[in-house]
Amino acid sequence: MLAPPPAQAQQLPQPAAMVAPATVSRAAKRNADTSSHSTARHAKRASGLPLAGKVVGVDPGHNGRNWSDPTYIDHQIWNGRQWENCNTTGTQTDGGYTEARFNWNVGSDLAADLRAEGARVVLTRHNNDGVGPCVNTRAHILNAAHVDVAVAIHADGGPVGGRGFTVLEPVADGINNRVIKPSYRFASVLRNDFRTQTGMPVSTYDGTDGLQPRDDLAGENLTTVPYALIECGNMRNATDAAMLVTASFQKRAARAIANAITTFLRRR
Ligand code: ZN
């Protein structure tokens, strides 16, 4: 879901500040050493697995406390073509199950599946209890990590009578030109696997056969890595909502996305 519903509360905690350390402490150096050893161990353990040596970006849309800081969430960022809000709260089901929670659950399951296949995973957020980051920052995190492919996970707030999932693809804008073709290949594999492996139909109200190019979103506009965003279903539709809130569907969705990533990266 990409349009902002009204804010739900007035509490205003500030987003976590980014603090640059003035000096590199011995403890930080030790941690860096440990981290490089653990990276080496990871590489050894992963060799032979289908995603060994691959880096995958996972962007679970929104965040669980975006509602608590409307000033921050509504501030304008440049998305490569136009100004848009830093982020939004996302949508929710009639029963109050939030899109942010759904996105986080599927993103966590997906990260676990990808790691089990040998990939290193770069997440744009690390829990569902925070605010942000902004959509342009998410793109920068994935670009800076030079991930081999990235997926953003959402669920839509579409018309009550509309069903199904949509994969949103980038449109060439200069910044993303070099990754348009691989993004379309990935989007197509993702559409196929999600359709056949989750039981969710392609959207009846958005895109064509489950695919929709979008030129108004930071994730699509600013990406320099192969990228697609999936709206996994329509939270405003009762049939879709009943599926989306279950752990079994969330795990199935994560598995289908992981399979699409593996297929895409093995073909490259
Ligand atoms: Zn969303």
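## Model and confidence

Buried means under 20% relative accessible area, exposed over 50%, partly exposed in between (1.4 Å probe, protein chains only). This is a predicted model: local features need pLDDT of at least 70, side-chain atom pairs need 80 or more, and totals for chains, interfaces and linings use all residues. Residues are numbered from 1 along each chain as its sequence is written, and side-chain values use heavy atoms, leaving out hydrogens and water.

Mean pLDDT (per-residue predictor confidence, 0 to 100) is 89 for the chain, and 82% of the residues score at least 70. Residues 3-35 stay under 50.

## The sheet

Strand 1 (residues 55-60) runs parallel to strand 4 over four bridges. One of the bridge partners in strand 4 is Leu123, facing Val58.

## Aromatic links between helices

The whole structure holds four aromatic pairs (Phe, Tyr or six-membered Trp ring centres within 6.5 Å; planes under 30 degrees apart are stacked, over 60 edge-to-face, the rest tilted). Phe186 and Phe264 have ring centres 5.4 Å apart and planes at 55°, so this pair is tilted. Phe186 belongs to helix 5 and Phe264 to helix 8, so the pair ties together parts 78 residues apart in sequence. Both Phe186 and Phe264 are buried.

Phe194 and Phe249 pair edge-to-face, at 6.3 Å centre to centre and 80° between planes. Phe194 lies in helix 5 and Phe249 in helix 8, so this pair ties together parts 55 residues apart in sequence. Phe194 is buried at 0% relative accessible area; Phe249 is buried at 1%. Ring pairs join Phe165, Phe194 and Phe249 into a cluster.

How values were computed. Pairing = 2+ DSSP bridges. Helix = DSSP H or I, 4+ residues; strand = E, 2+ residues; numbered from the N terminus. Contact = heavy atoms within 4.5 Å.
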